[in-house]
Amino acid sequence: MLMELVPALARWLHFLAGIMWVGLLYYFNFVQIPALKAATADGTAAGITRHIAPRALLYFRWSAIVTWLAGAALLGAQFVPAFTLAKGYAGIGIGAWLGTIMLFNVWAIIWPNQQKILGMKPASDDEKNKARRVALLASRFNLMLSLPLLYFMAGGLTHRAAFGL
Amino acid sequence: MVCKGATMNPFDSLWGTIVAGVILTAVLAVAVRSFLN
């Protein structure tokens with residue numbers, strides 16, 4: 001019973017947290033970044049930077065961790081074969097690597113730069129401008145990676161025909 | 001748009017990023033199908 005329950009709960013949690021993570025990534029790229037440009041132009045950007053962005057980033061970075069941990073639990077004994085791209089595991093392995101790179105980007109690049117942009121860490125105007133550029137490029141990089149990520153996550157272990165197995 | 005002497009970065013545009021993602025998906029899918037499995 002427990003042997004069946006753990007993967008079922010891990011898959012459920014992986015989907016829930018993954019939807020929140022990638023959903024917020026799409027929110028940032030498709031909604032907030034263009035809206036912030038318009039809001040800066042008419043002097044209403046503070047509403048976004050003070051009240052919306054910090055909350056969105058909170059759920060964004062922690063849902064990334066939960067997604068990765070639930071994914072690792074779901075892989076279970078297949079964790080090493082997936083990450084070493086062993087025969088039959090390349091599809092899900094590529095998906096797992098893409099998710100891992102995206103998680104690294106969130107915590108090592110996007111979040112530290114967003115802290116400077118939002119005034120949570122001291123930064124000069126020059127440093128803030130540089131942080132804006134780096135955070136934008138890292139966010140867009142993750143948006144790009146999310147396309148193959150979802151392709152391989154959706155088909156990695158189930159749609160074997162798509163991977164020539 | 002003509003861009004003289006400058007390299008276009010696909011990440012500067014939302015749709016450039018999406019196109020890059022679609023191309024990357026195709027490349028990885030072919031790689032997995034042909035070489036890795």
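Because the model is predicted, local features need pLDDT of at least 70 and side-chain atom pairs count only at pLDDT 80 or more, while totals for chains, interfaces and linings use all residues. Residues are numbered from 1 along each chain as its sequence is written, chains are lettered from A and ligands numbered from 1 in the order in which they are written, and side-chain values use heavy atoms, with hydrogens and water left out.

Along its principal axes, the C-alpha trace of chain A spans about 55 × 30 × 25 Å. Chain A has 165 residues, of which 41% count as buried; buried means under 20% relative accessible area, exposed means over 50%, and partly exposed lies in between (1.4 Å probe, protein chains only). Contact means heavy atoms within 4.5 Å. Among the contacts in chain A between residues at least 6 apart in sequence, 69% join residues at least 24 apart.

Now look inside. In soluble globular proteins, nonpolar side chains tend to be buried together. A nonpolar core is a set of buried Ala, Val, Leu, Ile, Met, Phe, Trp, Tyr and Cys residues joined through side-chain atoms within 4.5 Å. The largest one here has 28 residues, and W21(A), F60(A), L98(A) and F152(A) have the most contacts inside it. Two or more residues of this core come from each of α1 (2-41), α2 (45-75), α4 (90-117) and α5 (125-155) of chain A, and also from α1 (14-36) of chain B. The largest share, 8 residues, is given by α4(A). Apart from this core lies another of 5 residues, including L75(A), A82(A), F83(A) and I92(A).

Not counting residues up to four places away in sequence, W21(A) touches F60(A), S63(A), A64(A), T67(A), G99(A), M102(A), L103(A) and V106(A). At 1% relative accessibility, V106(A) counts as buried. Beyond its neighbours within four places in sequence, V106(A) is in contact with W21(A), F60(A), R61(A), W111(A), P112(A) and N142(A). V106(A) and L25(A) are 81 residues apart along the chain, yet their C-alpha atoms are separated by 9.9 Å.

Next, the helix pairs. Two packed helices are described by the angle between their axes and the distance between the axes. Axes are lines fitted to C-alpha atoms, for helices over the stretch in contact, and angles run from 0 to 180 degrees between N-to-C directions. Angles under 35 degrees count as roughly parallel, over 145 as roughly antiparallel, 65 to 115 as roughly perpendicular and the rest as oblique. The axes of α4(A) and α5(A) come within 9 Å and cross at roughly 160°, so these two helices are roughly antiparallel to each other. For α1(A) and α5(A), the axes come within 10 Å and cross at roughly 140°, so this pair is oblique.

One pair joins the two chains. The axes of α4(A) and α1(B) come within 10 Å and cross at roughly 140°, so they too are oblique to each other. Here A90(A), G91(A), I94(A) and L98(A) in α4(A) meet L28(B), V32(B) and L36(B) in α1(B). By class, this contact has 6 nonpolar, 1 polar and no charged residues; Ala, Val, Leu, Ile, Met, Phe, Trp, Tyr, Cys and Pro count as nonpolar, Asp, Glu, Lys and Arg as charged, and the others, Gly among them, as polar.

N113(A) lies in helix α4 of chain A and, at 12% relative accessibility, counts as buried. Leaving aside neighbours within four places in sequence, N113(A) is in contact with A131(A), V134(A) and A135(A). Most residues other than glycine have a negative phi. L85(A) is not a glycine, but has a positive phi of about 55°. L85(A) is found in the loop between α3 (79-83) and α4 of chain A, and is partly exposed, with a relative accessible area of 26%.

How values were computed. Helices (H or I, at least four residues) and strands (E, at least two) are DSSP runs, numbered from the N terminus.
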